[in-house]
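Trainee: Could we go through this structure together? I would like to begin with individual side chains.
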Amino acid sequence: MGETRKRGRKPKAPASTTETMDFQYTNAASAAQTDAVNAQNDVFIAATDAVSTAAAVNNDANNPPPARRGRGRPRKSGAGHAEAAASPERRPYQNGGVVLEPPPQPLAKWESVAARVVPAMDAVVKVFCVHTEPNYSLPWQRKRQYSSSSSGFIIGGRRVLTNAHSVEHYTQVKLKKRGSDTKYLATVLSIGTECDIAMLTVSDDEFWEGVSPVEFGDLPALQDAVTVVGYPIGGDTISVTSGVVSRIEILSYVHGSTELLGLQIDAAINSGNSGGPAFSDKGKCVGIAFQSLKHEDVENIGYVIPTPVIMHFIQDYEKNGAYTGFPVLGVEWQKMENPDLRLAMGMKPDQKGVRIRRIEPTAPESHLLKPSDIILSFDGVKVANDGTVPFRHGERIGFSYLVSQKYTGDTALVKVLRDSKILSYDIKLATHKRLIPAHTSGKPPSYYIIAGFVFTSVTVPYLRSEYGKDYEFDAPVKLLEKHLHAMAESTDEQLVVVSQVLVADINIGYEEIVNTQVLAFNGKPVKNLKSLANMVDNCNDEYLRFDLEYQQIVVLQTKAAKAATLDILTTHCISSAMSDDLKT
């Protein structure tokens, strides 16, 4: 298998050996004590020269001299600091009634970083969620509920951020602060499936007492230090892992099935770390831990949602009162790196861009752009032949990053080359409408039953329920082809299939029909599940005829089919022949 990224939510494996560190506060009192001790040592050195040998001999019984430094390796510090070796052990001296203590050990480098991170750690909370997932294969019921724990953190406005997959299909969410024994009921304000971020709040005022919200920092640079804080598998208390930013690029978000800006770090992200903040060495939040790479050839590769994506989610919610998503341009494009291809498309030597292969029919401005148009620039930023744009010094990034910075309904100035002419269009941006949706946005699946035939619309969760996590290999080729390449012709178009046949006398001979697309009913194309249900319910013809994929047909007597449906529902303990969304 290829590389797969795994979300950390429900503990499924024993605790790893990831190194964790527990930082403590550093205050001004220790610095003042150090100055006082240094002053005492100065006095001690001067006084020692004047002390007689006899007095020194008398004092030796009570105050032995300091131990000599050994010739071997220096002793390791009791605190376990790897960067600074501890100085030789010394015992206090008495001189004139003054007790002189040796100076404290210097702070290791990572301790100084921790001193900045520790105050913000109090804003990190543990998220407890009870999930009840729909049963997509038996859409009239739900699966057994289960519990999970993850991490989150407090931001301004009495709000808490965590991962969307941490509260997916939630029935109850509770939060617990660091050092507290109380769990507070939380309310889910918004869930951003594409960016894997969810926003929560707590109505109890006690929850917000004594806690300062986390402050967001800028997008870090490569090799910047990051500290991931959360409640991962392996214990109940807060855990801290540290690393550096090793890569910044457009990443595949597993939960959202999208591609957005992301950070790759070498700090361990384990089950339960999801939703926890990643702090910079200045104590500012620079991202949210959300997934890690699990592969036999790699280790300690974690991924963080960066602040530009986080702020887009927050501002989208504040602007619209709900999460509207990340817009897309609505085109599929081809690289123009081949010189002969550029020449054939009429591009000049100084022109660069990408060729439009296909245009989403559901895109708001699909009539403006045409296939084989060359996208030269987006909002004034020139697009290279490989589809990248300048990002920061020495870095380039896919131009989809520029699109993702926009909001749903915004417009962008797009320059294209068509027939050797440069044209400019103000393109309205909208969210992506997939023929097979990656998510159901928390809604229960739709279904319709007639004569034992269970009809439903295909979604990615449905494919995963039917064929497991490797559905991209095990699902029927016809469904996979539509999942990967087909485009919806309208915003309400669905791919309707016969999910299964509940065996009864009325459907003898049709029992083996499984997950086969319905193309037409009584000669009329099937646009979506609701239109199919309406056509069947209102049918007065003698027969019900369903045209299926692979040139199959199903024919039933109308009166007999409708009469048999009620008995079949009773036999299988199904309360209704259709889902609630089809009744309206």
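Trainee: Which backbone oxygen does the side chain of Asn163 reach?

Mentor: Please keep in mind that this is a predicted model. The side chain of Asn163 reaches the backbone oxygen of Asp196, at 2.9 Å. A polar atom of that side chain also lies 2.7 Å from the backbone nitrogen of Gly275.

Trainee: Is Asn163 buried or exposed?

Mentor: Asn163 is buried, because its relative accessible area is 0%, and the cut-off for buried is under 20%. Asn163 sits in the loop between strand E6 (159–162) and strand E7 (170–177). Beyond its neighbours within four places in sequence, its contacts include Ile197, Ser274, Phe290 and Ile305.

Trainee: Let us turn to helix H10. Which of its residues are buried?

Mentor: In H10, which spans residues 529–537, Leu529, Leu532, Ala533 and Val536 are buried. They lie on the same side of H10, because they cover an arc of only 100° around the axis.

Trainee: Why would residues a few places apart point the same way?

Mentor: An α-helix has 3.6 residues a turn, so residues three or four places apart point the same way.

Trainee: What do the buried residues of H10 pack against?

Mentor: They pack against several elements, among them strand E27 (496–501), strand E30 (543–548) and helix H11 (558–571).

Trainee: And which residue caps the N-terminal end of H10?

Mentor: Asn528 does, with a side-chain oxygen 3.3 Å from the backbone nitrogen of Lys530.

Trainee: Finally, which residues make the nonpolar surface patch of about 240 Å²?

Mentor: Tyr543, Ile553 and Val555 make that patch. Ile553 belongs to strand E31 (residues 553–557), and Ile553 counts as partly exposed because its relative accessibility is 42%.

Terms used:
Residues numbered from 1 in each chain as written. Predicted model: local features only at pLDDT ≥ 70, side-chain atom pairs only at ≥ 80, totals over all residues. Heavy atoms only, no water. Patch = residues over 30% accessible without salt bridge, like charges linked within 9 Å, V, L, I, M, F, W, Y side chains within 5 Å. Areas by Shrake-Rupley, 256 points an atom, 1.4 Å probe, with all protein chains shown as cover. Salt bridge = Lys/Arg side-chain N within 4 Å of Asp/Glu carboxyl O. Helix = DSSP H or I, 4+ residues; strand = E, 2+ residues; numbered from the N terminus. Buried < 20%, exposed > 50% of the residue type's maximum accessible area, 1.4 Å probe, protein only. Arc of directions from axis to C-beta. Contact = heavy atoms within 4.5 Å. Polar contact = N/O pair within 3.5 Å; in protein donor to acceptor, adjacent residues only side chain to side chain.
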